[in-house]
Amino acid sequence: MTRMDPKDLERAVYQAVIEYLAERVVRKLRDRRKCALALFTGTDLGQRQAVASLQALGDGGWSLRLVLSAGARKVLASERLRELEACGPISSVCDVDALLDGCEQVLVPALSINTAAKVAGGIRDSLASELLARALERGLPVVAASDGCCPDNPERMARGFLVADAYKARLRSNLEALQSYGIRLVRAADLAAAVQGAPARTIVGVAARPMGTTGSGEKRIFSRSDAVQCREGELRLDHDVLVTPAAADELRVRNVRLIQA
């Protein structure tokens, strides 16, 4: 047997150690998963799309910590609940700081009108409102799906949301307040894309609100208060929707491409 030169042996051992450490680092990086807290509040609008977004995040390497408000537990369909349980553990912890520790982002796949109003008004009298307020205080990015709290959601309108325009304006102002706090509002279907950095197709899904009627049908207006809910991407409106100059300017600032057909 040929005796190995001490220097060659040293180099061989050194190389083996380097390869071993490199393999361990690669394995650690591969196993490392980004963690996000996903908070569901009391709305059933957009549930299916929200769960699909969470499944996409899980497939993309995210670890999800799920929190259900009391209202969410009442409205979540049993099928959706089973799908959620497959996305990650549903926490029973009530300590908001403990829930947020280790999370890189906070997601609200189902944001209710009630919770949106509380956070907009600085009210912290529930687990959901306290958790979101604390997330903002800690500087954590918050992305919320507006399907359940937008007064112009077509699905809500189809359910007979027959309230005064002033009431709708109040709900819209709550969304504007949330955005001014740094909360990003998207559609539930676009939640995963927003978290992973891809541009959402459109955002809040604000429908133009009625401005009156003519002989040819309903005429509608899209104002700046609607435009401020938009994020970069495309916004499609019917050809008969009137876009105010202020709204057009706001869309340009937000790099939103307006398409009317």
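# Close-up views of a predicted model

A search of the whole structure finds 16 salt bridges. The coordinates are those of a predicted model, and the legends below take up selected sites one by one.

**View 1. A salt bridge joins Arg134 to Asp97.** The closest N and O atoms of Arg134 and Asp97 are 2.9 Å apart. Arg134 belongs to helix 7 (residues 127-137) and Asp97 to helix 5 (residues 96-100), so this pair ties together parts that are 37 residues apart in sequence. Arg134 has a relative accessible area of 24% and is therefore partly exposed. Asp97, with a relative accessible area of 26%, is also classed as partly exposed.

**View 2. Arg134 also meets Glu137 in a salt bridge.** The N to O distance between the side chains of Glu137 and Arg134 is 3.0 Å. Both residues lie in helix 7, where they are 3 residues apart, about one turn of the helix. Glu137 is partly exposed, because its relative accessibility is 48%. Salt bridges that share partners link Asp97, Asp101, Arg124, Glu130, Arg134, Glu137 and Arg138 into one network.

**View 3. Glu130 and Arg124 form a salt bridge through their side chains.** Their N to O distance is 2.9 Å. Glu130 has a relative accessible area of 22%, which places Glu130 in the partly exposed class. For Arg124 the relative accessible area is 35%, and Arg124 is likewise partly exposed. Glu130 and Arg124 are both members of the network of salt bridges with shared partners, a network that includes Arg134.

**View 4. The side chain of Ser129 makes a polar contact with the side chain of Ser126.** The two serine side chains approach to 2.9 Å in this contact. The side chain of Ser129 also reaches the backbone nitrogen of Asp125, at 3.3 Å. Ser129 is located in helix 7. With a relative accessibility of 0%, Ser129 counts as buried, because the class covers values under 20%.

**View 5. The rings of Phe161 and Tyr167 form an aromatic pair.** A search of the whole structure finds 1 aromatic pair. The ring centres of Phe161 and Tyr167 are 6.4 Å apart and the ring planes meet at 55 degrees, so the pair is tilted. Phe161 is buried at 14% relative accessibility, whereas Tyr167 is partly exposed at 41%.

**View 6. The charged end of Arg156 sits over the ring of Phe161.** The distance from the charged end of Arg156 to the centre of this ring is 5.2 Å.

**View 7. The side chain of Thr43 approaches the backbone of Leu45.** A polar atom of the Thr43 side chain lies 3.2 Å from the backbone nitrogen of Leu45. Thr43 is part of the loop between strand 1 (34-40) and helix 2 (47-59). The relative accessible area of Thr43 is 8%, so Thr43 is buried.

**View 8. Val17, Tyr20 and Leu21 make a nonpolar surface patch.** The patch has an area of about 280 Å². Leu21, one of its residues, lies in helix 1 (residues 6-31). Leu21 is partly exposed, with a relative accessibility of 45%.

**View 9. Cys87 is placed in helix 4 (residues 78-87).** Its relative accessibility is 16%, and Cys87 therefore counts as buried. Cys87 and Arg65 are 22 residues apart in sequence, and their C-alpha atoms are 8.7 Å apart in space.

**View 10. Asn255 has a positive phi value.** Phi of Asn255 is near 60 degrees, a positive value in a residue other than glycine. Asn255 is found in the loop that runs between helix 12 (245-253) and strand 10 (256-260). At 47% relative accessibility, Asn255 is classed as partly exposed.

Key. Residues numbered from 1 in each chain as written. Predicted model: local features only at pLDDT ≥ 70, side-chain atom pairs only at ≥ 80, totals over all residues. Heavy atoms only, no water. Helix = DSSP H or I, 4+ residues; strand = E, 2+ residues; numbered from the N terminus. Buried < 20%, exposed > 50% of the residue type's maximum accessible area, 1.4 Å probe, protein only. Phe/Tyr/Trp six-rings, centres within 6.5 Å; stacked < 30°, edge-to-face > 60°. Lys NZ or Arg CZ within 6 Å of the ring centre and 35° of its normal. Patch = residues over 30% accessible without salt bridge, like charges linked within 9 Å, V, L, I, M, F, W, Y side chains within 5 Å. Areas by Shrake-Rupley, 256 points an atom, 1.4 Å probe, with all protein chains shown as cover. Salt bridge = Lys/Arg side-chain N within 4 Å of Asp/Glu carboxyl O. Polar contact = N/O pair within 3.5 Å; in protein donor to acceptor, adjacent residues only side chain to side chain.
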